[in-house]
Structures are given as structure tokens and as C-alpha cells.
Amino acid sequence: MKALPFLFILLLALPPLARGEEQYAIRRAVEAGQLKPLNEILTRIQSSHPGKVLDVDLERDINGNRIYEITILKNDGQRAKLLVDAVSGSELRHASTAASPRINMAKALRNLLARHPGNVLELELKQAADQRMIYEVQVILLDGRLREFVIDANSGELIDGNGHRQEVLKNLKPLPDILERLPARYRGVIHEVELEYDQYGRYFYEVEVRLADGRVFELDIDAISGKVLNGEEVER
């Protein structure tokens, strides 16, 4: 019963669409003692990073390891995103350990919207695969179209979104090849496939497959090597 408060808090922290799929896996991990209690982690984090916890997400890194992504509003008014190993409770490198961007977010947005008027739907500062700091921005243009822009966070220059994405994606293994080479234990009916990327910009396929015995697995597969990073049974 001691695990219930932890589970309740964590499920509330998960994005709404993820709760249904994650609930069973989280409950299993909590009951088995595979995840570090969230209250312990938050106590430790707030002692070293004083402030208010805004959000906690349970994610996987590129190797399939469970990590907590914790967003904190620090006492100086700045937001910080921290990564914590969900098993050991140890703090990993900060989600944005590279040098601070030379172009602040407000200025980057002002310049972008002057050229492409609209409303910002989503904005994220991240480190690209080539180690550059970039702003990824989704904008709903005035004509209703949804566009994604990439801005160099140091120069402020607008990077061609399609070119940038093509540069990153050109080394990805074709999806048919990956599906045809699934290990025998995961052969079944493919229900859904999504291309995702982690906080370091590394891509992986998220594959949902139903086996002949009725069990459903969610697989995380490295989009470059084709290696299965994680295979987790989900409740349906």
C-alpha cells in the first residue's frame, strides 16, 4: 500500500494520452520495487535544486532505461529540466548541458514571427544530433497551416526545417527492414508504429504488436541500428 501515493502522483504527472498505456507497466514496476520512490527523488532533487516542481514525466532513454524528467521552477525564476535514473535515483546530466544559447528565446521567436506570422503551438530548446543548440518551434500560421521551424540558438538563423530533418533522418533504417527483422519472440500483428525521439534528439521506432497468444507488446527500436531497446507487455 505504501506504493499507492507514488503511483498516483506519477500517473497524474504523465501526459493524458500516455496514462492508459503506462499505468500497467508503472504499477508492475512499483510493486516489484524496480523504480525508486518518487517522493525520495523529489526530496533529493529539491535539496540540490531549490524551487517548485512543475512537472514529472517517466520516459525512456535511447537504451531503454527508465528516467524521470523533472521540470523545476527555481527560486531565481528560471526553469530547469533535470534527468534522474528511475532505478538508482541518481541525477543524470542535465537535459541541456551544453552552453547557454546566445540568442534568447523571446528574440528568436520575435524574429521568426515577423517573417512567419502566427501563433506558437510548441517551443523547445534542445541539442541537435550535430551538438548544436537549436530551438524547435511549431507555429500555426494565419492561414491555418501547421509549420515546424528550426532556429540556430547561437546565431539566430533559421535553419531549413526540411533540410535539417533530412540531415538527421537520412541514416535511419527503413521501417520495412526493421519490421521484417523483428526477433521471433515479437512476431505478430503490427497495430501501430510511431517514429519518436528522446531528449538527446536520437530517434527510435515505437512499435505495438499483438502476438498470436493475445499478448500485446510495446517495443522501442533504435531507428538506426534496428536493435530492440525495450520490449514491454502492456495491458489491453
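Asp213 counts as exposed because its relative accessibility is 51%; the classes are buried under 20% relative accessible area, exposed over 50% and partly exposed in between, with a 1.4 Å probe and protein chains only. The model is predicted, so local features need pLDDT of at least 70 and side-chain atom pairs pLDDT 80 or more, whereas totals for chains, interfaces and linings use all residues. Residues are numbered from 1 along each chain as its sequence is written, and side-chain values use heavy atoms, without hydrogens and water.

The side chain of Asp213 forms a salt bridge with Arg215 at 2.8 Å, N to O; the term requires a side-chain nitrogen of Lys or Arg within 4 Å of a carboxyl oxygen of Asp or Glu. Arg215 is partly exposed, at 35% relative accessibility. The count by this rule is four salt bridges. Among them is Asp143 with Arg145, at 2.7 Å, N to O; Asp143 is exposed at 52% and Arg145 is partly exposed at 46%. Another joins Arg181 and Asp177 at 3.9 Å, N to O, with Arg181 exposed at 59% and Asp177 partly exposed at 29%.

The protein has six helices and eleven strands, taken as DSSP runs (helices H or I, at least four residues; strands E, at least two) numbered from the N terminus. Strand 10 (residues 216-222) is largely enclosed by the rest of the structure, because seven of its seven residues are buried. One side carries Val216, Glu218, Asp220 and Asp222, and the other Phe217, Leu219 and Ile221.

Strand 9 (residues 203-210) pairs with strand 10 in the antiparallel sense over seven bridges; pairing requires at least two DSSP bridges between the strands. Arg210 stands opposite Val216. Five residues separate these two strands in a hairpin, and Gly214 in the turn has a positive phi of about 95 degrees. Strand 10 also pairs with strand 11 (residues 228-234), antiparallel over six bridges, where Asp220 has Asn230 as its bridge partner. This second hairpin also has five residues between its strands, with Gly226 at a positive phi near 80 degrees.

## Surface and burial

Of the 236 residues, 38% count as buried. The protein exposes about 13600 Å², of which carbon and sulfur atoms supply 50%; areas come from the Shrake-Rupley method with a 1.4 Å probe, and for residues only the protein chains shown count as cover.
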